[in-house]
Amino acid sequence: MTDEQLPPEQPAAGADVAVAAEPAVGTEAASGSGGVTGPEPYGADADGGDVAGGGGAEAVGGARKARGALVRGVLRWAAVVTVFAVVGASTAYGITRMDRTDVPGLATRSDGRWAYPTLTKPPLPSGSPGPFAGANPSGAHYADLRALVLPAPEGATQDKALAGSDGWLATEDFLKEFEEARRGDIRDKLVDAGLRHVAARGWTTPDGITTRVYLLRFGSVAVTEQVLGDTLTRYDAPVYPVRGADAYARDEDFPLAPQSKNVALTPYAETKPYGSEQVRLAYLSAGDVLAMIVQAGKGGMPGIPFQQTVVLQSELLE
């Protein structure tokens, strides 16, 4: 067979045809009749030989693949870390913006306080001082007394019997709060003290607690303090028990912190054994106004709503 008839030379067994046909890294295909060769591939010696023998192109391809896989892995982990960081920051921000009762597992059990509407003091007539201003030595409340009565909390049922006529309660209706045998004596003392008006409000909350609030206006702070200290109260018990309770003791559990320096407070609690209900009673003296707050709860009157009611009424009278 002549040289012209010899078949083309076949690649050796196991040789990588694809790699052998792959151009070297950094070379460009020939343009026109000549070729321009770029930088030597990594792993080639200065004479153009292969440091690893005949596997230079294969080593270059493997290195490229390894570097590509490494870069892709780093980018994937960076993306995952970024997503978790964003989600974590968003969750932390959301938690800080939530009320404790909105966070699962961190809900705070109610301590028995009621949801009262936002309290707003009624406006004073133009040029009139507040009850505890230096220019008001009599402690007069020039604001409408009916607007100074504490409003009922949310969900409560109003006691229409205390609405009175045009918001004013008759003295006889106020006296029904006491035992019938003592009402005449109390009426005489209040009239002698110059009682001017009585405003009231009552309600029953869904938990069954009944509340009655009375505001009595007199001529001056001196008269009010006298009625409180001489007519209606002693330190350890009220002079005239309200209906539903006979024996009282001073409520020593009432906190001192929220008490106002301008409002004199005398709180009482019915002592055991009491019947189906326990009564709590408080008197407040604030300028020319005397407040009486009565609350009763079946099986025992809790202290929290009583304290809350007394403190809020005190704030309205300041």
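**From the whole chain to its parts**

Residues 24 or more positions apart account for 59% of those contacts in the protein that have a separation of 6 or more, where contact means heavy atoms within 4.5 Å. This is a predicted model, in which local features need pLDDT of at least 70 and side-chain atom pairs count only at pLDDT 80 or more, while totals for chains, interfaces and linings use all residues. Residues are numbered from 1 along each chain as its sequence is written, and side-chain values use heavy atoms, with hydrogens and water left out.

The secondary structure comes to six helices and seven strands, and from the N terminus on the elements follow the order α-α-β-α-α-β-β-α-β-β-β-β-α. Helices (H or I, at least four residues) and strands (E, at least two) are DSSP runs, numbered from the N terminus. Of the 318 residues in the protein, 32% are buried; buried means under 20% relative accessible area, exposed means over 50%, and partly exposed lies in between, with a 1.4 Å probe and protein chains only. The protein exposes about 19100 Å², of which carbon and sulfur atoms supply 55%, the areas coming from the Shrake-Rupley method with a 1.4 Å probe and, for residues, only the protein chains shown counting as cover.

Nine of its 10 residues are buried, so strand 6 is largely enclosed by the rest of the structure. Strand 5 (residues 264-270) pairs with strand 6 in the antiparallel sense over six bridges, two strands being taken as paired if DSSP finds at least two bridges between them. Within this pairing, P267 has A282 of strand 6 as its bridge partner, and a hairpin of six residues joins strand 5 to strand 6. Strand 6 also runs antiparallel to strand 7 (residues 289-298), to which 10 bridges join it, and here R280 stands opposite Q295 in strand 7. The hairpin formed by strand 6 and strand 7 has two residues between the strands, and G287 in the turn has a positive phi of about 65 degrees.

Helix 5 (residues 221-232) has 12 residues and reaches 16 Å from its first C-alpha to its last, close to the 16 Å expected at 1.5 Å a residue, the expected span being 1.5 Å times one less than the number of residues. Its buried residues are T224, V227, L228, T231 and L232. They cover an arc of only 120 degrees around the axis, which puts them on the same side of helix 5; the arc is that of the directions from the helix axis to the C-beta atoms. What covers these buried residues includes helix 4 (183-192), strand 5, strand 6 and strand 7, whereas the face of helix 5 turned away from its buried side carries the exposed residues A222 and D230.

Helix 6 has 15 residues and reaches 21 Å from its first C-alpha to its last, close to the 21 Å expected at 1.5 Å a residue. Because 13 of the 15 residues of helix 6 are buried, this helix is largely enclosed by the rest of the structure. Q313 is found in helix 6 (residues 303-317) and is buried, with a relative accessible area of 0%. Leaving aside its neighbours within four places in sequence, Q313 is in contact with L148, V149, L150, V213, L215, L284 and I293.

Side chains of opposite charge can pair when their charged atoms come close. The structure holds eight salt bridges, a salt bridge being a side-chain nitrogen of Lys or Arg within 4 Å of a carboxyl oxygen of Asp or Glu. In one of them, D173 and K176 meet at 3.3 Å, N to O; D173 is partly exposed, with a relative accessible area of 28%, and K176 is likewise partly exposed, at 44%. R146 forms a salt bridge with D144, the closest N and O atoms being 3.1 Å apart, and here R146 counts as partly exposed at 27% relative accessibility, as does D144 at 33%.

R217 forms a salt bridge with D288, with the closest N and O atoms 3.7 Å apart. This pair links distant parts of the chain, 71 residues apart, with R217 in strand 3 (residues 210-217) and D288 in the loop between strand 6 and strand 7. Both R217 and D288 are buried.
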